[in-house]
Amino acid sequence: GGYTQSPGGFGSPAGTQAEKKQRVRSQNIVPCTVSQLQAAEQVDETFRIRGVEISQVTVMGIIRHAEKAPTNILYKVDDMTAAPMDVRQWVDTDEAGGENVVVPPGTYVKVAGHLRSFQNKKSLVAFKIMPLENMNEFTTHILEIVNAHMMLRKNLMSASRVPQSFSSAGLSDMGGYGGGGSLSVNGLTAHQSQVLNLIKNCPVPEGMSLQELKLQLQNMSMSAIKQAVEFLSSEGHIYSTVDDDHYKSTDAE
Amino acid sequence: MGDVHEVPRKRIATGHLAQCIGQPVCFVGRVEKIHPTGKLFVLSDGEGKHATVELSEPLDEEISGVLEVVGRVTNQATIMCMSYVQFREDRSPFDLELYNEALKIIHEFPDYFPFG
């Protein structure tokens, strides 16, 4: 747990407690650069940007090209981070020309849509394309991209590797973003949570060793790590495997 | 010469020009002055620092306000402009200083705002 909804416009609208898992689900709408979308890796039906699952995204860029076909409008949207991306907007053929007016090239737009890949080529299927009326929204979008991807990655890494520069950049001061270390939901301290999360995410059969934990947790002394391990073990969160230096999580992951 | 619009163009301010010689860039700034020939104009960035933009053909329209220029940085640390767009300010003025702060952030965290 620990993923909080931000006022910044992304987050599951349904947001039931039961659906909150450590892994960020794709109900979120994530602001992205075209370069991030191009770099997204696809496994089956899922796209991931640096491990973070994405599906619905927003991009902002300038229309370089617009082509109207009977059933859809194909745009090329350019945000300078890569070559322009194909964005397809399906036209409602029942409506007599009302909804889908072609946005002219040279216009800055906000696009909300789904990422698609076909024959190794990425594109977006847009459910909303809106010309920007205030270019300051573009500046905000830039900041939202950095914030969103940083927060999503941080949640993925489960607070075990928050770099020093993260909090000094002032981003962790923003209210409502569940700042680093506030993982007291399960009654564990930040140190205990960090140790537990690392052990949980370790794929090796004999579990995680104390030496590995020390390598990963630069900010904790060996005695602090041992204390956390002792506590977690006595509480039943972890158990020792081949010897007293190796531990696995009791939670099936 | 490749089309600079098909490659990543790093968003920069005047201070970055010297490090970006030869590279495709995107520069946003306010129009300060236009040379009488129409082939050169000066933009100021969010810190008020000036950058010179050159054109291969003279301007065929009036330009003013905030411009977003796409081009390549020359050896003289000017920008050879391939295209430009005027930011609309009919509803609200564009906060160039805030944009400059955003540039600092994306330069500091290239992992989360990659160019290319």
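Let's start where the two chains meet: 29 residues of chain A are in contact with 32 residues of chain B. Keep in mind that this is a predicted model.

How much area is buried between chain A and chain B? About 2700 Å², and carbon and sulfur atoms give 63% of that. If you wonder why an area is quoted here, the size of an interface is often given as the accessible area lost when the parts come together.

The rule finds three salt bridges between chain A and chain B. One of them joins B:R91 to A:E133, with the closest N and O atoms 2.5 Å apart.

Which of the elements gives the most? That would be α2(A), with 10 residues. Sorted by class, this side of chain A has 15 nonpolar residues, eight polar ones and six charged ones.

Next, look within chain A, at a pair of helices. Helix α4 (residues 190–200) and helix α6 (residues 222–234) of chain A pack with their axes 9 Å apart, at an angle of about 75°. Angles of 65 to 115 degrees count as roughly perpendicular, and α4(A) and α6(A) are therefore roughly perpendicular to each other. On the α4(A) side, the contact is made by A:Q192, A:V195 and A:L196, while α6(A) brings in A:A228, A:V229, A:F231 and A:L232. By class, the residues of this contact are six nonpolar, one polar and no charged.

Back to salt bridges, this time over all chains: a search of the whole structure finds 12. One sits inside chain A, where the side chains of A:R64 and A:D78 meet at 2.8 Å, N to O. A:R64 lies in strand β5 of chain A and A:D78 in strand β6 (residues 72–78) of chain A, so this pair ties together parts that are 14 residues apart in sequence.

| Salt bridge | N to O distance |
|---|---|
| B:R91 with A:E133 | 2.5 Å |
| A:R64 with A:D78 | 2.8 Å |

Conventions: Residues numbered from 1 in each chain as written. Chains lettered and ligands numbered in written order. Predicted model: local features only at pLDDT ≥ 70, side-chain atom pairs only at ≥ 80, totals over all residues. Heavy atoms only, no water. Contact = heavy atoms within 4.5 Å. Buried area = accessible area lost by both parts, 1.4 Å probe. Salt bridge = Lys/Arg side-chain N within 4 Å of Asp/Glu carboxyl O. Helix = DSSP H or I, 4+ residues; strand = E, 2+ residues; numbered from the N terminus. Nonpolar A, V, L, I, M, F, W, Y, C, P; charged D, E, K, R; others polar. Axes fitted to C-alpha atoms, helices over the stretch in contact; angles between N-to-C directions. Parallel < 35°, antiparallel > 145°, perpendicular 65-115°, else oblique.
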